[in-house]
Amino acid sequence: MRYWTWGEIKAKIEAECDLEDEDFVRETELLSYANEAIDEAEAEIHGLFEDYFLTRKSINVNSGDTVLSINTELPDIYADKIRRIIFNYGSSTYTVTRLRDWKKFEQKALTEQNLSTDLYQYMLINTSPGNPQIMWSPEIRESGTMMIWYLRNANRLTADADICDIPEFVNFVIAFMKVKVMKKEGHPGLEDAKQELQMQREQMNSTLKERVPDADNELEMDASYYEEHN
């Protein structure tokens with residue numbers, strides 16, 4: 001599997017679109033096309049196989065903490081998509097479940113009023129622009145660590161050495177960029193470029209649908225309801 005750099009992608013586009021000796025399409029525009037293509041590919045990837053960009057981070061929490069800043073602690077998170085939070089305290093380890101939408105506000109209020117010793121839960125809040133947070137319920141009572149599994153953003157390109165970290169689909173990025181360049185130039189090959197882009201999109205979707213290679217595709221039954229009531 002080869003990871004292309006922005007310098008390599010740029011050179012390929014410039015050669016195939018005859019851009020080396022002209023400045024009608026500037027490098028800054030090419031870069032914006034590349035990142036726009038990555039944005040689009042990223043959305044397709046998250047929709048079809050979200051764990052493609054699965055990552056984790058261990059974060060310390062302390063007694064009295066009520067919220068955790070997502071932008072500060074998880075700056076590379078995609079659309080605040082959290083897959084799982086695991087709390088570790090001494091010899092105790094358990095899943096921090098999400099407060100379900102149905103009656104989550106009442107449940108949180110009752111937890112705080114009764115000073116509950118229940119296991120921690122969380123909900124996402126967004127009280128001010130640019131500052132989404134994870135709110136704990138109840139507030140943290142003892143220091144420990146939260147292992148947060150989440151979906152990260154694809155890498156954006158800024159410098160020649162930056163890598164495109166969707167190596168299977170770099171041809172989609174290149175095809176997308178060609179369409180943008182040819183559209184601006186009024187190139188006669190635009191329709192062919194659009195067809196190539198569509199073919200690369202379909203190939204990307206087909207690949208992602210079969211992303212797990214071990215053929216273990218049996219549906220998993222969620223037994224958490226029964227476990228919680230036994």
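Biologist: Does Asp18 count as buried or exposed, and at what relative accessibility?
Modeller: This is a predicted model. Asp18 sits in the loop between helix 1 and helix 2. Exposed requires over 50% relative accessible area. Asp18 therefore counts as exposed, at a relative accessibility of 58%.

Biologist: What is the phi of Asp18, the residue that follows helix 1?
Modeller: Asp18 comes after helix 1. Asp18 is not a glycine, yet its phi is positive. The value is about 55°.

Biologist: Where does Asp80 lie, and how accessible is Asp80?
Modeller: Asp80 also has a positive phi, about 55°, although it is not a glycine. Its place is in strand 3. Partly exposed covers the range between the buried limit of 20% and the exposed limit of 50%. Asp80 is partly exposed, with a relative accessible area of 26%.

Biologist: How many helices and strands make up the secondary structure of the chain?
Modeller: The chain has 230 residues, of which 38% count as buried. Among contacts with a separation of 6 or more, 74% are between residues 24 or more positions apart. The secondary structure comes to seven helices and eight strands.

Biologist: Which residues of the largest nonpolar core touch the most other members?
Modeller: This core holds 37 residues. Helix 1 (6-16), helix 2 (27-48), helix 5 (170-185) and helix 6 (190-209) each supply at least two of its residues. The residues that touch the most other members are Ile9, Leu30, Ile166 and Met177.

Biologist: Which residues does Ile9 touch, not counting residues up to four places away in sequence?
Modeller: Ile9 is one of the buried residues of helix 1. Ile9 is also among the core residues that touch the most other members. With residues up to four places away in sequence left out, Ile9 touches Trp4, Leu157, Cys164, Val170, Ile174 and Met177.

Biologist: Why do the buried residues of helix 1 line one face of the helix?
Modeller: The buried residues in helix 1 are Trp6, Gly7, Ile9, Lys10 and Ile13. An α-helix has 3.6 residues a turn, so residues three or four places apart point the same way. Seen down the axis of helix 1, the buried residues line one face because they fall within an arc of 165°.

Biologist: Which helices do the buried residues of helix 1 pack against?
Modeller: Among these buried residues are Trp6 and Ile13. Their packing partners are helix 2 and helix 5.

Biologist: Is Arg201 buried or exposed, and what is its relative accessible area?
Modeller: Arg201 is found in helix 6. Buried means under 20% relative accessible area. Arg201 is buried, with a value of 17%.

Biologist: Which side chain does a polar contact of 2.7 Å join to that of Arg201?
Modeller: Not counting residues up to four places away in sequence, Arg201 touches Glu40, Glu44 and Phe172. The polar contact of 2.7 Å joins the side chain of Arg201 to that of Glu40.

Biologist: Which residues stand opposite Met135 in strand 7?
Modeller: Four of the five residues of strand 7 (residues 133-137) are buried, so the strand is largely enclosed by the rest of the structure. Strand 7 pairs antiparallel with strand 2 (residues 67-69) over three bridges, and five bridges join it, also antiparallel, to strand 6 (residues 121-125). Opposite Met135 stand Val67 and Met123.

Biologist: What is the omega of the peptide bond from Ser137 to Pro138?
Modeller: Pro138 lies in the loop between strand 7 and strand 8 (144-152). The bond from Ser137 to Pro138 is cis. Its omega is near -5°.

Biologist: What is the order of the open sheet of four strands, and which are its edge strands?
Modeller: The pairing in this open sheet is antiparallel, with the order 1-8-3-4. The twist averages 30° from one strand to the next. An edge strand pairs on one side only, and here the edge strands are strand 1 (54-61) and strand 4 (92-95).

Biologist: Which residue of strand 4 stands opposite Phe87?
Modeller: Strand 3 (residues 77-89) and strand 4 run antiparallel and are joined by four bridges. The residue opposite Phe87 is Tyr94.

Technical notes: Residues numbered from 1 in each chain as written. Predicted model: local features only at pLDDT ≥ 70, side-chain atom pairs only at ≥ 80, totals over all residues. Heavy atoms only, no water. Core = buried A, V, L, I, M, F, W, Y, C linked by side-chain atoms within 4.5 Å. Buried < 20%, exposed > 50% of the residue type's maximum accessible area, 1.4 Å probe, protein only. Contact = heavy atoms within 4.5 Å. Arc of directions from axis to C-beta. Pairing = 2+ DSSP bridges. Polar contact = N/O pair within 3.5 Å; in protein donor to acceptor, adjacent residues only side chain to side chain. Axes fitted to C-alpha atoms, helices over the stretch in contact; angles between N-to-C directions.
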